Amino acid sequence: MSKPSDVFADPEAVSRYAEGPPRLVPGFADLQRMARLLIAERAPQDARVLVVGAGGGLELKVFAESQPGWQFDGIDPSAAMLKLAEATLGPLVPRVRLHPGYIDVAPEGPFDAATCLLTLHFVAPEERLRTVREIRRRLKPGAPLVVAHLSFPQGEPERALWLSRYASFAISSGVDPASATNARTAIAAQLPILAPEQDEAILRDAGFTDVSLFYTGFTFRGWVAYAAR
């Protein structure tokens with residue numbers, strides 16, 4: 001498995017991206033729907049939403065289709081993935097502004113909500129904290145942040161067991177067993193995955209309150225938290 005930046009620059013990998021999450025992330029479509037509902041609890045009908053890791057455009061399309069009054073700013077370091085997002089969005093593109101780069105390229109806001117789905121497990125812990133702090137700085141007080149990514153116990157033997165479950169789920173979804181095994185090995189070696197309690201601590205340390213777990217899907221977990229007032 002290449003580094004994420006390499007993978008998302010590979011045209012063939014980018015073209016197949018949309019096939020991956022439904023086969024690797026349990027309840028992927030429902031995760032997107034829950035994220036949209038959690039945002040809608042507090043965001044106004046004309047909300048401005050920041051989407052961190054917007055490449056591919058999958059959640060942007062779900063959000064935009066179900067909330068016709070929302071406007072979006074999406075950031076992603078991969079220009080190829082942002083181009084895919086444009087293709088995925090189609091006629092919805094005018095409601096979305098896409099920005100190539102990391103969190104520092106995001107507009108200042110203030111935003112009514114933010115999401116970061118299937119992204120933070122690529123980010124080292126110290127940079128993860130900075131990223132979440134920068135998201136918080138761009139949010140209105142009380143605005144929701146919805147995050148979801150790989151997060152499971154990091155002590156052995158639990159870590160190995162959860163990685164095995166990741167591969168098993170992929171295989172049961174139709175992924176070639178050899179590819180699933182290779183992905184498991186690469187994830188174990190390359191991704192800076194944290195334990196759930198560490199992920200929750202980062203959200204609190206970054207200035208979020210009322211951190212709540214809303215999603216658990218084998219190796220993936222998701223939280224909603226709110227910008228401190």
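In the hairpin formed by β6 and β7, with two residues between the strands, Phe218 adopts a positive phi near 55°. The structure is a predicted model, in which local features need pLDDT of at least 70 and side-chain atom pairs count only at pLDDT 80 or more, whereas totals for chains, interfaces and linings use all residues. Residues are numbered from 1 along each chain as its sequence is written, and side-chain values use heavy atoms, with hydrogens and water left out. Helices (H or I, at least four residues) and strands (E, at least two) are DSSP runs numbered from the N terminus, and two strands are taken to pair if DSSP finds at least two bridges between them. On this basis, β6 (residues 208-217) pairs with β7 in the antiparallel sense over seven bridges, with Thr209 standing opposite Tyr226 of β7.

Strand β7 (residues 220-227) also contains Arg221, which counts as buried at 13% relative accessibility; here buried means under 20% relative accessible area, exposed over 50%, and partly exposed in between (1.4 Å probe, protein chains only). Ser173, in the loop between α8 (158-172) and α9 (177-190), has a relative accessibility of 27% and counts as partly exposed. Ser173 and Pro157 are 16 residues apart in sequence, with a C-alpha to C-alpha distance of 25 Å.

Strand β4 (residues 113-117) has five of its five residues buried, so it is largely enclosed by the rest of the structure. Ala113, Thr115 and Leu117 lie on one side and Ala114 and Cys116 on the other, and both faces of the strand are covered. Strand β1 (residues 48-52) pairs with β4 in the parallel sense over four bridges, and Val49 has Ala113 as its bridge partner in β4. Strands β4 and β5 likewise run parallel and are joined by four bridges, Leu117 standing opposite Ala148 in β5. Together, β4, α7 and β5 make a right-handed β-α-β unit, a crossover being right-handed if, with the strands pointing away from the viewer, the path from the first strand over the helix to the second runs clockwise.

A search of the whole structure finds one cavity of 30 Å³ or more, and about 50 Å³ of space lies in the largest cavity. A cavity is a set of points on a 1 Å grid over the protein atoms alone where a 1.4 Å probe fits but cannot get out, and lining residues have an atom within 4 Å of a point; grid points are joined across faces, edges and corners, and the volume is the space filled by probe spheres set on the points. The lining of the largest cavity consists of Leu120, Arg128, Val132, Val147, His149, Asp199, Ile202, Leu203 and Trp223. The elements contributing two or more residues to this lining are α7 (125-137), β5 (144-150) and α10 (196-205), and the largest share, three residues, comes from α10.

In helix α6 (residues 79-89), Met81, Leu82, Leu84, Ala85 and Leu89 are buried. Seen down the axis of α6, these buried residues fall within an arc of 155°, so they line one face of the helix, the arc being that of the directions from the helix axis to the C-beta atoms. On the other side of α6, Ala79, Lys83 and Ala87 are exposed. Just after α6, Gly90 takes a positive phi of about 55°.

Note on methods:
On a 1 Å grid over the protein atoms alone, a cavity is a set of points where a 1.4 Å probe fits but cannot get out, and a pocket is an open set with protein on both sides within 12 Å along at least five of seven lines; lining residues have an atom within 4 Å of a point.
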